[in-house]
Amino acid sequence: MSALALRLRGVVKAFGPLVAVNGLDLEVPEGTCVGLLGPNGAGKSTTMRMLTAQSIADSGEIEVLGHRLPGESKSARALMGVVPQLDNLDTTLTVEQNLVVFSHLYRIRRGERRAAIERALDIANLADRRASRVDKLSGGMRRRLLIARALVHRPRLVLMDEPTVGLDPQVRQEIWALIDALRAEGVSILMSTHYIEEAERLADTVTIVSHGTAVATGPPAELVSEHAGAEAREVYGPPARLAEVEAQAQDAGLRTRRTGTSVALLGLERATGPIPDGEHRPTNLEDVFVLLTGEEIS
Amino acid sequence: MTTTPVPAPRLRRLEVPALRGVLVREVINFSSYWRSTTVSSTIEPTIYLLAFGFGFGSLVATVQGLDYVEFVGTGTVATAVMFASVFATMFGTFVKREYQRTYDAILAAPVDTEELVTGEVLWVAARAGVYGTAPLLVAMAFGLDPAWGMLTVPLIGFATGFGWAAFGVLVSAILKSIDHFSYVTSMVITPVFLVAGTYFPLDGLPTWAQVAGHFNPLFHCAFGWQGWADAGHVAAILAFGAVMWRLAIWRSRMRLIN
């Protein structure tokens, strides 16, 4: 079994009557990217805040790079980088000034500071915008700067909270390439997201969370195979027809899920009876996500 | 299975590198807004000084044995320090916490709430100590005699500014909305600013107001500048600063860490 960068055991966090995290178990093996996948309100951001001790767990164990939290969180934070969901850059400062500030906050030695900032600028491909004020940057550049800021001290572990939320597809691909390069360098990454494609492309392992609990963990392909089978069929029609299709599929021993405009019949290879005609496609992580976290918006 | 230990220095409370990090951020940011802050922090008390100095000064020759310009000059310095510190932290820390989310970023680094609050308060106190000298220079131009004791003004301004800056952080950490700051401005700042022996002596006020005035940190600050500062006044300023500092950290931690 590989060494772990991060481990949560039975972590519980409630805010009054609302239980945001409910007995969560989570592991990030060293040098891997783990996707924390869940719908809005599943407890992903609370989990991220607990890992920097900005939120304190009511019970359970959290350990990061050998440091028990919250008691040793300061030492753990010195070894981690955090990319927040909400942009919290200093907008009236330049790109470089933002990095200078964090080179001090992360205690980089004076003689190493300049090289660290140059390296971070290169990683984020922002060297030619170093003198630009942040409020003059595009959304994608600002997100790249947030990542550069988190990497300025060469962290062993990076926490990314919804790193591409709100970005257009081209910028999202840029960020994915950056994350992939980090993973190739051996940096451990915990990335929360509700974008299925993001988790599918980047994560070595995915933990699906629902209502603060991990409901499934494994490599994306294994999760798909285990929970949704290999083949799916999409059947379109009016609501009454979709209800009939669902009933027929259940009679044939298949699991189904609504996509909004159609019903997806999952794991066709497991069918024990006739099934309606429709469009074939491979099953995917979204099928698993909806099966495990529910079709209704909570 | 436990996680792989990574060698790291054992980090303690109130470390210099963390304070330096917070201060560096403030100093770099200051380069982008120093003009507006400097204008508001120096012009406003100067206007007070001129208005009171010429206005009341034409009616009142001396107060408590001092020329009125001397009396009001020192009071204006005290007021300038309070305004430059309390409003900077009240609004500044609220905006950084609630709107800019700056504190989320800083607390994700190896910086604790105690270091964050202390760094913010030290920076604002240093600024207030410097800005507090502006009305003093203006008062000199209008007849205040220079004295060696005035060299202590930035230091006493820093100590007083530390307390008021911490008070501002405390208010910001307690109140839920920035709109509620007007309650504090009306019901705390304004009485404190007026009932402090700054623009008129406490002697003429009702007894209860005189007693209350002696518990006003600004009263001790204003007296300090008039050359009557004794250990008691300085101790009162330092005690106010120490209490506000700890309260500001306590309430900020409640607000930032949940």
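Author: In this predicted model, the C-alpha centres of domain 1 and domain 2 of chain A lie 38 Å apart. Domain 1 covers residues 4-218 of chain A, and domain 2 covers residues 230-282.

Four strands of chain A form an open sheet in the order E12-E13-E11-E14, with antiparallel pairing. Strand E12 (255-258) and strand E14 (279-282) of chain A are the edge strands, each of which pairs on one side only. On average, neighbouring strands of this sheet are turned by 30° against each other, direction ignored. Within the sheet, E12(A) pairs with strand E13 (residues 262-266) of chain A in the antiparallel sense, over 4 bridges. In this pairing A:Thr256 stands opposite A:Leu265 of E13(A). Helix H9 (residues 239-251) of chain A packs on the sheet and touches strand E11 (231-236), E12 and E13 of chain A. The direction of H9(A) makes about 10° with that of E13(A).

A second open sheet of chain A is built from 6 strands in the order E6-E7-E8-E3-E9-E10, and its pairing is mixed. Strands of a sheet pair through backbone hydrogen bonds, either parallel or antiparallel. The edges of this sheet are strand E6 (80-83) and strand E10 (213-218) of chain A, and each of these pairs on one side only. Its neighbouring strands are turned by 15° against each other on average, direction ignored.

A:Ile208 has A:Ala216 in E10(A) as its bridge partner, and A:Val206 has A:Gly218 in E10(A) as its own. E9(A) and E10(A) form a hairpin with 2 residues between them. In the turn of this hairpin, A:His211 has a positive phi of about 50°.

A cis peptide bond joins A:Leu69 and A:Pro70, with omega about 5°. A:Pro70 lies in the loop between strand E5 (67-69) and helix H2 (73-79) of chain A.

The partner chain may now be brought in. The contact between the chains takes 36 residues from chain A and 32 residues from chain B. On the side of chain B that touches chain A, the elements giving two or more residues are helix H1 (16-55) and helix H3 (102-108) of chain B. H1(B) gives the most to that side, with 8 residues. By class, the residues of the side of chain B that touches chain A divide into 17 nonpolar, 9 polar and 6 charged.

Chain B also contains helix pairs that can be described in detail. Helix H4 (residues 113-131) and helix H6 (residues 153-174) of chain B pack at an angle of about 135°, with their axes 7 Å apart. This angle makes H4(B) oblique to H6(B). The crossing in which H4(B) passes H6(B) is right-handed. Residues making the contact include B:Val117, B:Val121 and B:Val124 of H4(B), together with B:Phe158, B:Phe162 and B:Val169 of H6(B). By class, the contact of H4(B) with H6(B) has 14 nonpolar, 3 polar and 1 charged residues.

Another pair consists of helix H2 (residues 68-99) and helix H5 (residues 133-141) of chain B, whose axes come within 8 Å and cross at roughly 160°. That angle makes H2(B) roughly antiparallel to H5(B). H2(B) passes H5(B) in a right-handed crossing. From H2(B) the contact takes B:Val69, B:Gly73, B:Thr76, B:Val77 and B:Ala80, and from H5(B) it takes B:Ala134, B:Pro135, B:Leu136 and B:Ala139. The contact of H2(B) with H5(B) has 7 nonpolar, 2 polar and no charged residues.

Terms used. Residues are numbered from 1 along each chain as its sequence is written. Chains are lettered from A and ligands numbered from 1 in the order in which they are written. This is a predicted model: local features need pLDDT of at least 70, side-chain atom pairs count only at pLDDT 80 or more; totals for chains, interfaces and linings use all residues. Domain bounds come from an automatic or database domain assignment. Two residues are in contact if their C-beta atoms, placed from the backbone, lie within 7 Å. Ala, Val, Leu, Ile, Met, Phe, Trp, Tyr, Cys and Pro count as nonpolar, Asp, Glu, Lys and Arg as charged, and the others, Gly among them, as polar. Two strands pair if DSSP finds at least two bridges between them. Axes are lines fitted to C-alpha atoms, for helices over the stretch in contact, and angles run from 0 to 180 degrees between N-to-C directions. Angles under 35 degrees count as roughly parallel, over 145 as roughly antiparallel, 65 to 115 as roughly perpendicular and the rest as oblique. A crossing is left-handed if the near helix is turned anticlockwise from the far one by less than a right angle, and right-handed if clockwise.
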